[in-house]
There are 2 protein chains.
Amino acid sequence: MQAQTCNYVFFFSYPFNQNIMPKKTLPKLHSDFSVDCVIFGFDEGELKVLLIERNEEPYKSWKAIPGNLAQDKENLDDAAARILHDLTGLENVFMEQLHAFGKPDRHPQGRVITIAYYALIKSTTNGIHPVTTFASKALWWPAYDLPELAFDHKEIIEMALRRLTNRIRYIPIGFELLPEKFSLTQLQHIYEVILRKDIDKRNFRKKILSYGFLTELNQKQQGVSHRAARLYKFNKKIYEGLKDKGFYFEP
Amino acid sequence: MQAQTCNYVFFFSYPFNQNIMPKKTLPKLHSDFSVDCVIFGFDEGELKVLLIERNEEPYKSWKAIPGNLAQDKENLDDAAARILHDLTGLENVFMEQLHAFGKPDRHPQGRVITIAYYALIKSTTNGIHPVTTFASKALWWPAYDLPELAFDHKEIIEMALRRLTNRIRYIPIGFELLPEKFSLTQLQHIYEVILRKDIDKRNFRKKILSYGFLTELNQKQQGVSHRAARLYKFNKKIYEGLKDKGFYFEP
DNA sequence: GCAAAAGTGTTAACTTTACACCCATGT
DNA sequence: ACATGGGTGTAAAGTTAACACTTTTGC
């Protein structure tokens with residue numbers, strides 16, 4: 001997060017199809033908008049969302065989803081990746097633009113719309129991926145049981161949850177919430193939590209294996225106090241070939 | 001489209017999580033962003049998109065999708081509805097936010113992101129719905145064969161097309177492009193064009209009727225030079241009950 | 001040996017696909 | 001009477017859903 005010096009900018013709030021301005025000197029336009037990021041993780045059988053506690057006004061000491069004003073020369077996607085990276089140290093994370101939120105009164109300092117993203121981050125084998133920077137201020141919270149939140153952030157998370165439920169039916173994104181190597185039961189739990197329903201174990205395995213994008217590893221779980229499960233990896237290449245034909249998975 | 005007077009606004013370009021500003025007087029933030037709208041119609045067996053010819057800089061006399069800077073106190077959805085209404089006179093049209101586009105250099109006057117929407121408008125029985133205001137500047141263009149366009153508008157339309165292909169599989173939106181009363185063959189053509197494939201007539205009818213959200217009318221087509229087709233209406237209430245259980249239609 | 005989760009197959013119900021001819025209407 | 005699109009049923013193939021017991025491992 002780069003500090004920005006305080007500066008003044010002059011500008012006209014002109015709709016650009018008004019024809020009353022001098023021909024050659026188009027007015028300068030400028031936007032203050034933020035990029036916010038709903039970060040999901042999966043731990044202890046629960047879907048979690050990463051919240052920060054704000055340490056500035058407005059909404060000082062409220063919980064919020066991480067976000068920031070976008071920098072001047074920055075793509076939206078890059079801004080979202082930066083916010084995620086600053087907070088977690090992670091890169092190459094599954095991320096998708098969610099929605100632009102722009103109620104005129106959503107921000108007390110003026111008209112600030114926000115472009116919301118959501119990200120799915122892989123847990124380590126011991127649990128959710130730890131937060132590196134800002135750790136004292138960031139906390140994982142159960143996604144289906146949210147506290148009061150700053151701005152319209154509750155609305156944003158709720159839309160992200162709906163999007164996730166929707167997406168998992170036609171993109172295999174369950175893997176994004178698991179470690180590289182995972183068992184079929186772990187994967188099934190992701191589907192059960194996100195789709196909010198129980199799934200038959202035998203049918204789930206048959207169907208998910210039938211797509212062929214899971215590579216069976218010659219490895220098993222370690223240190224569990226019951227029969228160790230075989231581990232699998234997601235084979236992105238095979239999926240890429242599959243997805244043009246359409247993919248719909250409602251177990 | 002309301003004219004806006006020319007004014008100057010002073011503001012600070014502060015990230016709001018910097019802690020160097022005076023406690024009680026938060027800086028005023030302000031955004032210039034536009035709302036653009038991809039308007040789809042269906043006519044002569046083709047999917048069309050409504051383009052305008054710009055009459056101001058930048059991109060004067062280029063073709064573009066209709067759009068405008070958002071007004072200060074306006075919701076994003078309302079701004080999109082206003083743009084559509086100003087151009088077509090229509091209200092209560094199917095409309096959905098598509099995506100926020102924000103490459104830093106997408107607008108020559110500065111950082112102007114745009115929130116893109118897409119809308120589906122019903123054709124009249126004689127063809128596509130006529131454009132009322134701005135008619136001289138607006139034209140229906142084949143959606144799969146676009147001209148050069150201003151800004152990043154081609155990219156926007158292409159994403160809208162992908163979204164439409166996707167949406168039609170799990171929301172029954174084919175109706176939104178047809179008159180209130182339509183024949184099953186008309187509806188099938190919508191699916192064939194948007195999904196870009198031929199569909200078996202008998203199977204299509206069986207499947208779409210099996211959902212129960214089409215009400216059979218005691219009316220037939222008029223003035224066709226062949227056996228007149230029975231007309232149907234979309235019953236929104238029945239669909240609303242259905243959609244919680246999920247809906248996937250890939251004919 | 002028991003608790004805990006892994007792993008495995010079959011059948012019936014349902015859904016999808018493929019396919020061809022007669023019907024109604026206007027010219 | 002012919003051209004145009006409207007309207008209809010069936011059987012085979014494929015998919016989904018329901019269901020219960022044995023295996024492995026750690027304690």
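This is a predicted model: local features need pLDDT of at least 70, side-chain atom pairs count only at pLDDT 80 or more; totals for chains, interfaces and linings use all residues.
Modeller: A polar contact is a pair of N or O atoms within 3.5 Å; within protein, one must be able to donate a hydrogen and the other to accept it, and residues adjacent in sequence count only if both atoms are side-chain atoms. Residues are numbered from 1 along each chain as its sequence is written, and chains are lettered from A and ligands numbered from 1 in the order in which they are written.

Colleague: What makes the pair between Arg227(B) and DNA strand C a polar contact?

Modeller: An N or O atom in the side chain of Arg227(B) is 3.2 Å from a base oxygen of DNA strand C, and the limit is 3.5 Å, so the pair counts.

Colleague: How do you know which residues surround DNA strand C?

Modeller: A residue is near a strand if one of its heavy atoms lies within 4 Å of it, and 19 residues surround DNA strand C, with Thr185(A) and Val224(B) among the closest. They divide into 3 nonpolar, 5 polar and 11 charged, charged being Asp, Glu, Lys and Arg, nonpolar being Ala, Val, Leu, Ile, Met, Phe, Trp, Tyr, Cys and Pro, and polar being the others, Gly among them.

Colleague: What makes Lys201(B) a polar contact of DNA strand D?

Modeller: A side-chain N or O atom of Lys201(B) is 2.6 Å from a base nitrogen of DNA strand D, and the pair therefore falls within 3.5 Å. For Arg227(A) the distance to a base oxygen is 2.8 Å, and for Asn203(A) the distance to a base nitrogen is 3.0 Å. H4 of chain A and H4 of chain B are the elements that give two or more residues to this surface.

Colleague: How many residues surround DNA strand D, and which classes does the surface have?

Modeller: DNA strand D is surrounded by 20 residues, including His226(B) among the closest, and by class the surface has 4 nonpolar, 5 polar and 11 charged residues.

Definitions and conventions: Side-chain values use heavy atoms; hydrogens and water are left out. Helices (H or I, at least four residues) and strands (E, at least two) are DSSP runs, numbered from the N terminus.
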